[in-house]
Amino acid sequence: AGLAHSIRGELVDRFHERLPFALTGAQQRAIDEINHDLALPRPMHRLLQGDVGSGKTLVAVNSLLVAVQSGYQGALMVPTEVLAEQHHLGVTEMLGDLSVPDPATLMGDRPLRVELLSNRVGTADRRKILADLVTGKVDIVIGTHALIQDKVEDASLGVVVIDEQHRFGVEQR
């Protein structure tokens, strides 16, 4: 069994509204197909291919945000620390100060929290991120194979995106 995600929601709408460009037909088609699968109560395994600069990261971020707006967490796993840092910077910039609708807060929103987890993250920061992952304070985590270590626990992981999965071993995938 999988998780049926809520594909209609304020968070994803806010993300699309803040984009400084219109989605291409291919990006919208990929998002629609992935959203269709995410709305079903079964696991999804999907390969997204595209040229450099075609918007694969944007499509992946959309999927991660669907998880967050459904009350889950998202993870983006990449094969190298350099790529993890690049994705963390790019995704953080893409999302900017996006806030998550949260009726439990006084203002009705809370900041979206994206964290980086790799072997280069210092011990104190790592402890804080791991503690906040398990309590659900981190919405999206981006990292290397460090994400699948025994000490890493998520409160409720809903979507995992693996970038360049061919560079991981069979057991890691």
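**Exercise 1. A residue in a strand**

Ser99 sits in strand E2 (residues 99–101); strands (E, at least two residues) and helices (H or I, at least four) are DSSP runs, numbered from the N terminus. The model is predicted, so local features need pLDDT of at least 70 and side-chain atom pairs count only at pLDDT 80 or more, while totals for chains, interfaces and linings use all residues. Residues are numbered from 1 along each chain as its sequence is written, and side-chain values use heavy atoms, with hydrogens and water left out.

Solution. 
- Step 1. Take the cut-offs: buried means under 20% relative accessible area, exposed over 50%, and partly exposed in between, with a 1.4 Å probe and protein chains only.
- Step 2. The relative accessible area of Ser99 is 19%, so Ser99 is buried.
- Step 3. Contact means heavy atoms within 4.5 Å.

**Exercise 2. A residue in helix H1**

Task: Where is Leu11 found, and which residues does Leu11 touch, not counting those up to four places away in sequence?

Solution. 
- Step 1. Leu11 belongs to helix H1.
- Step 2. With a relative accessible area of 0%, Leu11 is buried.
- Step 3. Not counting residues up to four places away in sequence, Leu11 touches Leu65, Val68, Gln69, Leu98, Ser99, Val100 and Pro101.
- Step 4. Take Leu65 from that list: Leu11 and Leu65 are 54 residues apart in sequence, while their C-alpha atoms are 7.0 Å apart in space.

**Exercise 3. Helices H1 and H3**

Task: Describe how H1 and H3 are arranged, and name the residues that meet.

Solution. 
- Step 1. Two packed helices are described by the angle between their axes and the distance between the axes.
- Step 2. Axes are lines fitted to C-alpha atoms, for helices over the stretch in contact, and angles run from 0 to 180 degrees between N-to-C directions. The axes of H1 (residues 10–18) and H3 come within 8 Å and cross at roughly 150°.
- Step 3. Angles under 35 degrees count as roughly parallel, over 145 as roughly antiparallel, 65 to 115 as roughly perpendicular and the rest as oblique. H1 and H3 are therefore roughly antiparallel.
- Step 4. From H1, Glu10, Leu11, Val12, Phe15 and His16 meet Leu58, Val61, Asn62, Leu65, Val66, Val68 and Gln69 of H3.
- Step 5. Sorted by class, this contact of H1 with H3 has eight nonpolar, three polar and one charged residues. Ala, Val, Leu, Ile, Met, Phe, Trp, Tyr, Cys and Pro count as nonpolar, Asp, Glu, Lys and Arg as charged, and the others, Gly among them, as polar.

**Exercise 4. Helices H3 and H4**

Task: At what angle do H3 and H4 pack, and which residues make the contact?

Solution. 
- Step 1. The angle is about 70°, and the axes of H3 and H4 are 11 Å apart.
- Step 2. H3 and H4 are therefore roughly perpendicular to each other.
- Step 3. Thr57, Leu58, Val61 and Leu65 of H3 make the contact with His87, Val91, Met94 and Leu95 of H4.
- Step 4. By class, the contact of H3 with H4 has six nonpolar, two polar and no charged residues.
- Step 5. Look at Val91, which is in helix H4. Val91 is buried, with a relative accessible area of 2%. Leaving aside neighbours within four places in sequence, Val91 is in contact with Thr57, Val61 and Ile142.

**Exercise 5. Salt bridges**

Task: How many salt bridges does a search of the whole structure find, and where do Glu33 and Arg46 lie?

Solution. 
- Step 1. A salt bridge is a side-chain nitrogen of Lys or Arg within 4 Å of a carboxyl oxygen of Asp or Glu. The search of the whole structure finds 12.
- Step 2. Glu33 lies in helix H2 (residues 25–38) and Arg46 in the loop between H2 and helix H3 (56–69), so the pair ties together parts that are 13 residues apart in sequence.
- Step 3. Asp132 forms a salt bridge with Lys128, with the closest N and O atoms 3.0 Å apart. Both Asp132 and Lys128 lie in helix H5, four residues apart, about one turn of the helix.
- Step 4. Asp132 counts as buried at 4% relative accessibility, whereas Lys128 counts as partly exposed at 47%.
- Step 5. Arg113, Glu115, Lys128 and Asp132 are linked in a network of salt bridges.
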